[in-house]
Amino acid sequence: MTITPALLEIEGVRKSYGGGVTTEVLHGIDLSIQQGDLVALIGPSGSGKSTLLNLIGLLDRPTEGRVVIDGQAVDHLDDRALTALRGKKLGFIFQSHHLLPGLSVLENVMLPSAASRGGFQASMRAPAKELLSAMGLGDWVDAWPRQLSGGMQQRVAVARALMNDPPLVLADEPTGNLDTETSNQVFDLLRQRNAERATAFLIVTHDPAIARRCDRVVELVDGAVVYEGAPSTMKSWA
Amino acid sequence: MLALQLAWRFLREGRTQSLLILAGVTIGIAAFVFVSAIIEGLQVNLLEQTLGSQAHISVSPEEAPPRPLMRDRGVAFARRIEPSEPRRRPFDQWQRAVRRVEATDGVVAVCPKVSGSALAYRGAAEEAVEVVGADAARLRRIVDIPTNLIDGQYRLGGDDAIVGTSLAETLGAGVGDPIRVRSGDRESVLRIVGIFDIGNETVNGRWLVTSLRNAQTLLGRVGDITEIDARVADVYEAERIAREVQARTGVPTESWMERNRDLLTGLRSQDASTTMIRVFVLLAVAMGIASVLSVSVVQRRGQIGILRAVGTSRAVVLGVFLWQGVLFGLVGAFLGSLVGALAGELIESSALFDITVTPRLLLTALGVSVATGVLAAYLPARRAARLDPAAAIRGDE
C-alpha cells in the first residue's frame, strides 16, 4: 500500500502578536489536507481563520509549530524560497477580488505565471484565455477590471488562482461579497476544478450553505480547532 | 522585465498623477539645460573675447634688472627709470625652446614672435602701435586673424602689414596704402595688405602685424625674439602646462590664468552659483518624484500584497518603483532637454552670445535626470518591497 504524503501538514502551530504584551491567536493547530480535498474553514470573526490562512499561504510565519507543503518543511526557508514555493504550489482567492486595476482581465489572470517566469509572455495568453473561457468570461479578456461586475471580478480572481495549476488553493471568503446565485456559480467553478484536476481547496467562509457543500469542515473557535469532520455530522449547525 | 512591465502599467493607471510629476521633472530638467546652456555660452563667449587675441601661454625672458645708477660708500642704490620700451634680455637659444614647448603634452600650437612699441605715421596722422612680428602660418593658430579679416588678405611677406580697424581709421589708411613705422632711430615703410576686426578694441587700435624679420629689424632685435606664444587644447589646463613648459625651458612662463585672475575668479564664482541652482532644481525634482511614489505605495498597498501573494519577489516589487523613477527621469530628460533647448533658441536672438545646447550637456541632463529619478524612487521602493503581504492585503497600517 502506497502512502501519499499530505499536500499540507501543519503541526502544533501557534501564532502570537504584539511586542510587550503578546496575544496568542492560534493555540497549537494541527491540520492535514490531501490532494483533492475540499475543506471549509469556519468560525466566528476573530477566531483566527485568516491568520491560519496566512500561515498556510506562507504570507506569515508561525511563532511555533511546523508547516509542511507538499513534503517540504518551510520553517527555515528564506523569503525568496517562500515566494517561489508560494508561486508554484499555492493559489489565492480573496474576498474583495483584489484584481490589479492597471492590468487587463487577461493580464490579471496571467500574473502568477508572469511572476514565476519573470514577465508577461505571449505564450501565457492561450492558457489564460482558456481559463477565462471556462469561467464564462471568454469575451472579456481585454476588458479592465472596473468594467466587470463583482461576480465577474471574482471569477477572474478564481482564474488567476488556477493559472499556475497549483495543487492547493486558499480562498478567503471567496463568496463573501456576492449574492446567493453568484456565490453558487463561483463555488460551482471551484467544485468543478476540484473534481476535474483534484485541486485541493481550503475555503474560509461564514456561509453555512457553502460549508455544507464541502467534503470536510474545520471549525475554529478562539484559535483552536473545535470540530473537524464531515459537514453532515457537525452539531453546531443551527 | 516583469518589474518594468508592471511599472509601466502602474504609471498608465495613475495617468493624471504621472503626467503631473512628469511635467514637474520636465520643467526641472528644462531649467537645468537652459541655465547650463546660458552659463556655458556666456563663459565660452568671455573666454573667446579674452583669449581671442592672446596666447594661452607666453614664454619670455625676464626684463633686465635695474642697473645701479649710483654708489655711496660701497652701497649700490638701484633707481629704475621706466624707459619708453622696457628692454628685455635676449631670448637665448629660442629655437631650442620652441622645440621644447612644441614637445610639451597639451600644447597644440607654438609661435615665436617679436613685439614692441613703435610709432606709425601716415601723412599728418601718427599713432602709437604695438608691432607684432611672427610667421603668418604660426601666428594664425594663436590669434585667428584670417577669420576676422574684414578687408584685404592675410599675408605677411616682404613689407606686408596687417592692422586693426581702429588703427586703420586713425591713420586714415586702407588696404594698399603705405605707412611709416618708427621705433627709436629705426624706421620702415610697410604696406597695409589686410584689416581685421578681432572684437577687442585695444588690439584693433594698437596692433600692427608684420613678418618676423620686419619686426626684428624695426625693433632692433635681429635674430632674436621677445616671446614664444602657445595654445593649449584645454584652456583650463593652461596653468599646469605653463609650469611644465617653464620646467622644460628654464624660461619664465605665464598662462592666461595668471594674467586674468579676476576673470578666472568670476568664472569660478559663476560655476559655483550655477552648481547651486542645478542642485536646488534637482532636489525639487527628486522631492516631487519621491512624494508621488510614496503616495503611490500607500495607495497600492493591497495591490503590492496581491503581487507578493501570487509569487512576486521583493526584488521585483522594489524594481517596479525604481523603474517608475527611471521612466520619470528618462522621459523628463527627453522632454526637458527639448523645452530647455527651445527656450535657449528663443532668447538667443536677444542675447549677445551663442547659447548652444551641446550633446555633452544633453547627455549630462539625461544621466542626472535618471540618477535623480532612481535615487528619489529608492526610499518608496524599499518601503514597498518591505511591506508585510498579509498586512497589506488586510489593509492594515
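Biologist: Of the 238 residues of chain A, what percentage count as buried?

Modeller: The model is predicted, and burial is therefore computed from predicted positions: a residue is buried if 20 or more other C-beta atoms lie within 10 Å of its own. Applied to the 238 residues of chain A, this criterion gives a buried share of 45%.

Biologist: What confidence does the predictor attach to chain A, and which element of the chain has the lowest mean pLDDT?

Modeller: The mean pLDDT of chain A is 87, and 97% of its residues reach 70 or more. Among the elements of chain A, helix 3 has the highest mean, 93, whereas the lowest, 85, belongs to helix 6 (residues 180–197) of chain A.

Biologist: How does the radius of gyration of chain A stand against the globule rule?

Modeller: Chain A has seven helices and 10 strands. The globule rule gives 18 Å for 238 residues, and chain A is as compact as a globular protein of that length because its radius of gyration is close to that figure, at 18 Å. Along the principal axes, the C-alpha atoms of chain A fill a box of roughly 50 × 50 × 45 Å.

Biologist: Which strands stand at the edges of the open sheet of four strands in chain A?

Modeller: The order of this sheet in chain A is 2-1-4-5, with antiparallel pairing. Each edge strand has a single partner strand, so one side of it is left without a neighbour in the sheet; the strands concerned are strand 2 (23–33) and strand 5 (72–73) of chain A.

Biologist: What is the bridge partner of L8(A) in strand 2 of chain A?

Modeller: Strand 1 (residues 8–17) of chain A pairs with strand 2 of chain A in the antiparallel sense, over seven bridges. In strand 2 of chain A, the bridge partner of L8(A) is I33(A).

Biologist: At what angle does helix 1 of chain A run to strand 1 of chain A?

Modeller: Helix 1 (residues 49–56) of chain A lies across strand 1, strand 2 and strand 4 (64–69) of chain A. Relative to strand 1 of chain A, the direction of helix 1 of chain A is at about 120°.

Biologist: Which element gives the most to the side of chain A that touches chain B?

Modeller: In all, 25 residues of chain A are in contact with 19 residues of chain B. Two elements of chain A give two or more residues to this side, namely helix 2 (79–89) and helix 3 (105–117). The greatest contribution, six residues, comes from helix 2 of chain A.

Conventions:
Residues are numbered from 1 along each chain as its sequence is written. Chains are lettered from A and ligands numbered from 1 in the order in which they are written. This is a predicted model: local features need pLDDT of at least 70, side-chain atom pairs count only at pLDDT 80 or more; totals for chains, interfaces and linings use all residues. Two residues are in contact if their C-beta atoms, placed from the backbone, lie within 7 Å. Two strands pair if DSSP finds at least two bridges between them. Axes are lines fitted to C-alpha atoms, for helices over the stretch in contact, and angles run from 0 to 180 degrees between N-to-C directions. pLDDT is the predictor's confidence in each residue, from 0 to 100. The radius of gyration is taken over C-alpha atoms; the globule rule is 2.2 Å times the number of residues to the power 0.38. A residue is buried if 20 or more other C-beta atoms lie within 10 Å of its own, exposed if 12 or fewer, and partly exposed in between; C-beta atoms are placed from the backbone.
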